[in-house]
Structure formats: structure tokens, C-alpha cells
Amino acid sequence: MIYYLFLVHDLNGDGFLDGHELRIAFTDFGEDHEDATQYLALDEVTEMVDHVLEEDDLDGDGLISWSEYLESQQYHK
């Protein structure tokens, strides 16, 4: 299940989550749901993305790999 969640948010299929994909994950809930950006300011979303990248991007390349994502799930429980 956790791998599926990673794949769903890896929109370009490159095996990594970048800041753009994280932003979409935080704000886009599909056609049947309201747009979260009406509740969150852009700077709040940017802070959320920056926080995830700071904590979970272990090699500092600006991308979250599957192994980094999996490791982050262990300490975010």
C-alpha cells in the first residue's frame, strides 16, 4: 500500500518525488474534492514542501527517492 501511495504522487514516473509533486500531493484532491489552496496560502504550502525536503531528502538532491520515502515512514509514525 505504501508503495502505491509513492507511485500515485510520482506524476512523471521518474522514481522520485520533487517539490512540484509534493505541492500537488498537499493541495490536489481530485475533481470531486475542493481545492485545498483556498484554505492554505501558497507560502504555507511552500513551507510544507520545504519541511518535507529538509527532513526526508537524505542525500540533498532535492528529490525524495523510494528508499528515502520508505525510511521517512519509519520515523513519522
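Predicted model: local features only at pLDDT ≥ 70, side-chain atom pairs only at ≥ 80, totals over all residues.

**A tour of helix pairs and a pocket**

Helix α1 covers residues 2–9 and helix α4 covers residues 66–75, and their axes come within 11 Å of each other while crossing at roughly 130 degrees. That angle is why α1 is described as oblique to α4.

Next, show the side chains where these two helices touch: on the α1 side select Ile-2, Tyr-3, Leu-5 and Phe-6, and on the α4 side select Trp-66, Tyr-69, Leu-70 and Gln-73. If you colour the residues of this contact by class, seven come out as nonpolar and one as polar, while none is charged.

Now move on to α2, residues 19–27, and α3, residues 42–56. The axes of α2 and α3 come within 9 Å and cross at roughly 125 degrees, and the two helices are therefore oblique to each other. The crossing of α2 and α3 is right-handed. To see what joins them, select Gly-19, Leu-22, Arg-23, Phe-26 and Thr-27 in α2, together with Val-45, Met-48, Val-49, Val-52 and Leu-53 in α3. Sorted by class, the contact of α2 with α3 holds seven nonpolar residues, two polar ones and one that is charged.

For the last stop, which residues lie nearest the centre of the largest pocket? Select Leu-17, Leu-22, Val-52, Tyr-69 and Gln-73, which hold that place among the 14 residues of the lining. The volume of this largest pocket is about 170 Å³, and each of α1, α2, α3 and α4 supplies at least two residues of its lining. Colouring the lining by class gives nine nonpolar residues, four polar residues and one charged residue.

Note on methods. Residues numbered from 1 in each chain as written. Heavy atoms only, no water. Axes fitted to C-alpha atoms, helices over the stretch in contact; angles between N-to-C directions. Helix = DSSP H or I, 4+ residues; strand = E, 2+ residues; numbered from the N terminus. Parallel < 35°, antiparallel > 145°, perpendicular 65-115°, else oblique. Contact = heavy atoms within 4.5 Å. Nonpolar A, V, L, I, M, F, W, Y, C, P; charged D, E, K, R; others polar. 1 Å grid on protein atoms, 1.4 Å probe; cavity = no way out; pocket = protein on both sides within 12 Å on 5 of 7 lines; lining within 4 Å. Points joined across faces, edges and corners; volume = space filled by probe spheres on them. Left-handed = near helix turned anticlockwise from the far one by under 90°.
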